[in-house]
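Open the model in your viewer and keep the sequence panel beside it. The stops below go from a whole chain to a single residue.

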Number of protein chains: 2
Amino acid sequence: MSITVVGSIAYDTVKTPVGTRERMLGGAATHFALAASFFSTVRAVGPVGGDFTERDFERLRTRGTLTDDVTVVPDGKTFFWSGEYGQNMNSCQTLDTQLGVFGEFEPQLSEGARDCDVLFLANIQPTLQASVLDQCHAPRWTALDSMNLWIEIARDDLVAVIERVDCVILNDAEIRQLTGKSSIATAGRELLAMGPSAVIAKQGEYGAILITREGFFSLPAFPLDSVADPTGAGDTFAGGTVGYVASQPDRPVDQELLRTAIAYGTAIASFNVEEFGTERVERLSLGEAHARVEQIHQMTQFSHPVDPLEVEQSAEESIA
Amino acid sequence: MSITVVGSIAYDTVKTPVGTRERMLGGAATHFALAASFFSTVRAVGPVGGDFTERDFERLRTRGTLTDDVTVVPDGKTFFWSGEYGQNMNSCQTLDTQLGVFGEFEPQLSEGARDCDVLFLANIQPTLQASVLDQCHAPRWTALDSMNLWIEIARDDLVAVIERVDCVILNDAEIRQLTGKSSIATAGRELLAMGPSAVIAKQGEYGAILITREGFFSLPAFPLDSVADPTGAGDTFAGGTVGYVASQPDRPVDQELLRTAIAYGTAIASFNVEEFGTERVERLSLGEAHARVEQIHQMTQFSHPVDPLEVEQSAEESIA
């Protein structure tokens with residue numbers, strides 16, 4: 001059982017109210033792999049330049065991620081992004097983007113990568129996502145991410161890929177933008193009608209919503225005392241979620257399984273933002289992730305009167 | 001057992017993408033009373049002008065709310081507010097505010113109102129909230145709401161009232177503004193240190209967080225296909241929450257009780273926004289509210305492996 005993830009591997013320079021880091025290992029495939037590798041073997045597919053260090057290859061290989069499908073372009077530069085977060089960490093200003101080798105990326109998957117059990121298409125051009133789907137033999141379960149840029153300039157291509165995957169994982173604002181619906185419930189059902197069996201709306205610090213034909217699930221984020229760097233939280237969330245799905249090959253990917261999966265995605269993402277870049281998740285243990293899932297479980301449970309009559313009874317008593 | 005609520009009784013003219021209503025019954029005390037009256041006798045304390053109609057008195061008396069403490073100023077005008085909501089219902093532009101009799105409101109509670117079991121101080125000037133606390137005999141449980149204006153111009157007065165109540169119910173943005181902390185977890189603990197035993201952060205369409213010395217609870221909002229008018233959602237939420245607390249006089253007001261209370265607040269508030277003003281909650285039944293609490297319960301539950309070793313086991317198996 002293995003997961004193939006196709007997406008960016010990058011160097012990030014990040015400034016937040018907590019501090020600054022220069023050229024940290026980043027990228028969607030990186031953050032995804034670091035989280036998903038708790039649950040399954042991950043193959044990362046993406047390009048890097050001659051500037052990509054052996055130390056960062058090692059970081060990517062944390063917990064056994066296979067990097068045979070990471071293409072090194074010796075004369076090229078690794079995708080570079082630089083951004084600065086505002087005081088509340090919700091706003092981020094991009095200071096610099098240098099696509100480098102990512103700009104000419106045309107994924108060519110190895111046999112091992114094509115043979116995956118679960119496929120995650122991180123945020124890349126929708127036509128490239130379609131090409132990866134074409135190359136893969138029959139993965140049991142497929143999910144994709146995307147971004148506002150592709151919704152704006154390549155909407156038809158994006159919809160064509162959405163029609164072919166099992167699960168869409170997008171920010172809630174992107175789901176609204178894509179469907180033109182202000183209600184996430186309505187928007188989610190519209191995406192389900194395109195083909196996928198699951199839609200996951202990421203809500204950042206507020207949590208995530210799952211919409212399937214069986215109904216809704218909504219899980220709040222884990223409340224943190226301090227956030228050092230939100231970069232990669234969404235990809236870490238996707239990695240934990242998709243990774244958990246991959247770890248349960250004998251179970252149908254239904255609401256029940258996805259709910260638990262989202263709890264793991266939420267838990268691991270909450271660790272991701274506590275430190276910069278991949279720092280925290282690199283040295284995270286599954287025991288720690290599990291303990292946080294337990295904390296999230298504790299903080300979302302409530303008891304309620306089983307019988308409406310009990311409530312009416314108690315209301316009548318209190319009025320009397 | 002009764003609840004006293006002190007706050008505005010108003011006429012609202014509201015324009016939303018769904019429609020427009022002129023001079024509907026509104027105000028914090030009104031929305032609060034309509035929700036809390038499912039669980040306990042409510043006494044509304046607030047001023048109205050000679051323009052306040054008998055029909056609106058009847059609306060306020062839905063489910064038995066006592067209006068003896070509603071002061072009619074025959075020569076005055078009822079508080080009037082007019083606003084327009086943007087496409088996503090998250091932004092609202094105030095078009096007109098005429099304080100009318102509310103501008104000279106100095107609460108003088110009747111013996112019945114002073115003798116309440118539970119007291120809710122809706123959003124009014126903090127010194128008036130303090131005056132109400134002075135007038136009340138020993139209420140078993142007290143809660144307050146406030147707003148950005150008082151945090152800006154009367155912060156010390158507001159802190160002085162917060163020190164005297166059991167529970168603070170504010171928007172998350174107001175909690176951040178009041179404490180200067182961007183983390184709701186940290187901000188919540190800072191408010192607990194001022195004296196209250198519970199802090200409830202309202203997050204609008206995202207739900208609510210409860211912070212007590214026992215820990216956290218986080219409950220997402222109920223996903224709706226369409227929102228007609230968000231006006232009064234926060235006060236309806238407070239009414240359902242505080243009302244449920246009042247309905248359980250023999251139980252300590254601890255995490256467990258407050259969690260269930262917040263589920264009722266969330267459920268009733270979700271009905272409130274489905275139609276304009278008080279339209280929906282006026283004809284809501286407790287059975288409907290209970291059914292929605294059950295739906296919210298269903299959409300927030302997840303199962304998780306009890307033993308971390310089980311997860312590691314299944315990860316090892318899937319890698320093998």
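Predicted model: local features only at pLDDT ≥ 70, side-chain atom pairs only at ≥ 80, totals over all residues.

**Stop 1: chain A as a whole.** Select chain A and colour by secondary structure: 13 helices and 13 strands are there. Its radius of gyration is 20 Å, close to the 20 Å given by the globule rule for 320 residues, so chain A is as compact as a globular protein of that length. Turn to the C-alpha trace, which spans about 85 × 40 × 35 Å along its principal axes.

**Stop 2: inside and surface of chain A.** Of the 320 residues, 61% count as buried. Among contacts with a separation of 6 or more, 65% are between residues 24 or more positions apart.

**Stop 3: charges of chain A.** Select the charged side chains, 23 positive and 45 negative. The centres of these two sets lie 3 Å apart.

**Stop 4: B:Gln98.** Move to chain B and select strand β7, residues 92-98, where B:Gln98 is found. Is B:Gln98 buried, partly exposed or exposed? Its relative accessibility is 45%, so B:Gln98 counts as partly exposed.

Beyond neighbours within four places in sequence, B:Gln98 is in contact with B:Thr78, B:Phe79 and B:Phe80. Finally, select B:Tyr11, which is 87 residues from B:Gln98 in sequence, with 9.9 Å between their C-alpha atoms.

Terms used. Residues numbered from 1 in each chain as written. Chains lettered and ligands numbered in written order. Heavy atoms only, no water. Helix = DSSP H or I, 4+ residues; strand = E, 2+ residues; numbered from the N terminus. Rg over C-alpha atoms; globule rule 2.2 N^0.38 Å. Buried < 20%, exposed > 50% of the residue type's maximum accessible area, 1.4 Å probe, protein only. Contact = heavy atoms within 4.5 Å. Lys, Arg positive; Asp, Glu negative; His and termini not counted. Charge placed at Lys NZ, Arg CZ, Asp CG, Glu CD.
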